[in-house]
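Please consult the sequence and the model below alongside the text.

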Amino acid sequence: MSQKANHAREMHAVMDALGGERPRLLLHACCAPCSSSVLEQLCRAFEVTVLYNPNIWPPEEYRRRADELARFLQTSGGLGAALVEAPYVPEEFARAVRGLESEPERGGRCTACYRLRMEYAARYAARHGFGWFCTTLSVSPHKDAERINTIGRQLEERYGVRHLPNDFKKQNGYLRSLQLSEQYALYRQEYCGCEYSAQGRFAGKESENG
């Protein structure tokens, strides 16, 4: 049996090897809480631009998370990350997950979501001269870092932009995101983001209350 990769260790090895350089990195992000501890790590070694480009439903929730991410970047001080907001095109997600609507959370629908959002980031990074890209997704204990990094390596080969290996939940990364969320009074959503994750989350609550 092959040993499971330590993506957090790989990331720190890459960062140590930069030798004081600060290359440009594009960070796909879905919300302020997930971005908080990730940016705290990455901004020490990279010139980071945050790309807000998630599959959030409904539009009001998308807007709320976008505004909260912008507020965090404005008030966090010292991080120095810029913010780019991609166009909101929910139809792209609907096409990507067609036939997977009934998949459970963490199943094939989530893999399609990872790929859709990460490919947009890799393509954007290639077009705008970034040397590196990655995503905040792995900070969540509910996200599969191995799957995320596999997709990242595939996109690196396709677009010629280096993918930064990562497992941001490790080394207390998720705990730190909770601490920063409390420090900055960040809005923490109750579901991952898409319509199907919302339905699953609130259906569970209804059954508990029924």
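In this predicted model, five strands build an open sheet ordered β3-β2-β1-β4-β5, with parallel pairing. Because β3 (82–85) and β5 (162–163) each have a single partner strand at the edges, one side of each lacks a neighbour in the sheet. Two strands count as paired if DSSP finds at least two bridges between them.

**Basis of the model**
- Residues are numbered from 1 along each chain as its sequence is written, and side-chain values use heavy atoms, leaving out hydrogens and water.
- Local features need pLDDT of at least 70 and side-chain atom pairs count only at pLDDT 80 or more, whereas totals for chains, interfaces and linings use all residues.

**Secondary structure**
- The protein chain contains eight helices and five strands, taken as DSSP runs (helices H or I, at least four residues; strands E, at least two) and numbered from the N terminus.
- Along the sequence, the pattern reads α-β-α-β-α-β-α-α-β-α-β-α-α.
- Strand β1 (residues 24–29) runs parallel to strand β4 (residues 132–135), and four bridges join them.
- H28 has T135 in β4 as its bridge partner.

**Dimensions and burial**
- The radius of gyration is 17 Å, which agrees with the value near 17 Å for a compact globule of 210 residues; C-alpha atoms are used, and the globule rule is 2.2 Å times the number of residues to the power 0.38.
- Of the 210 residues, 48% are buried, meaning under 20% relative accessible area with a 1.4 Å probe, protein chains only.

Terms used:
Buried < 20%, exposed > 50% of the residue type's maximum accessible area, 1.4 Å probe, protein only.
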